Amino acid sequence: FFLWLDVGDGEAVAAELWRRHHVKTLPGAYLTSSTVATRNADDPGQRYLRVALVHEPAILAPALAHLAAIVT
């Protein structure tokens with residue numbers, strides 16, 4: 001249902017996907033606990049992009065192709 005992809009900077013990749021292709025994703029850092037981030041000094045979700053696989057294949061296929069073009 002969800003993919004958590006290590007993309008190096010989840011917020012930057014999410015912004016680029018939206019700007020260039022209008023593909024909505026969520027940076028992993030938006031979903032991690034602030035207490036964990038404070039305790040570890042680094043946010044454990046920062047490197048990740050959360051992708052929800054909720055649409056039918058006809059919509060998901062091009063969106064995933066756009067994602068692959070940006071992260072590879």
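**Notebook: rings and sheet**

For Phe, Tyr and Trp (its six-membered ring), I counted a pair if the ring centres lie within 6.5 Å, with planes under 30 degrees apart as stacked, over 60 as edge-to-face and the rest as tilted. Phe1 and Phe2 have ring centres 4.6 Å apart and planes at 85°, so I noted this pair as edge-to-face.

A reminder on the source: this is a predicted model, where local features need pLDDT of at least 70 and side-chain atom pairs count only at pLDDT 80 or more, while totals for chains, interfaces and linings use all residues. Residues are numbered from 1 along each chain as its sequence is written, and side-chain values use heavy atoms, leaving out hydrogens and water.

Next I checked accessibility (buried under 20% relative accessible area, exposed over 50%, partly exposed in between; 1.4 Å probe, protein chains only). Phe1 is exposed at 63%, and Phe2 is partly exposed at 37%.

I also found Arg50 over the face of Phe2, 3.7 Å from the ring centre; the test asks for NZ of Lys or CZ of Arg within 6 Å of the centre and within 35 degrees of the ring normal.

Then I turned to the sheet. Three strands make an open, antiparallel sheet in the order β1-β3-β2. Strands here are DSSP runs of E, at least two residues, numbered from the N terminus, and two of them pair if DSSP finds at least two bridges between them. β1 (2-6) and β2 (26-27) each have a single partner strand, so one side of each is left without a neighbour in the sheet. I traced five bridges from β1 to β3 (residues 48-52); Asp6 has Tyr48 as its bridge partner in β3.

Notes
Helices (H or I, at least four residues) and strands (E, at least two) are DSSP runs, numbered from the N terminus.
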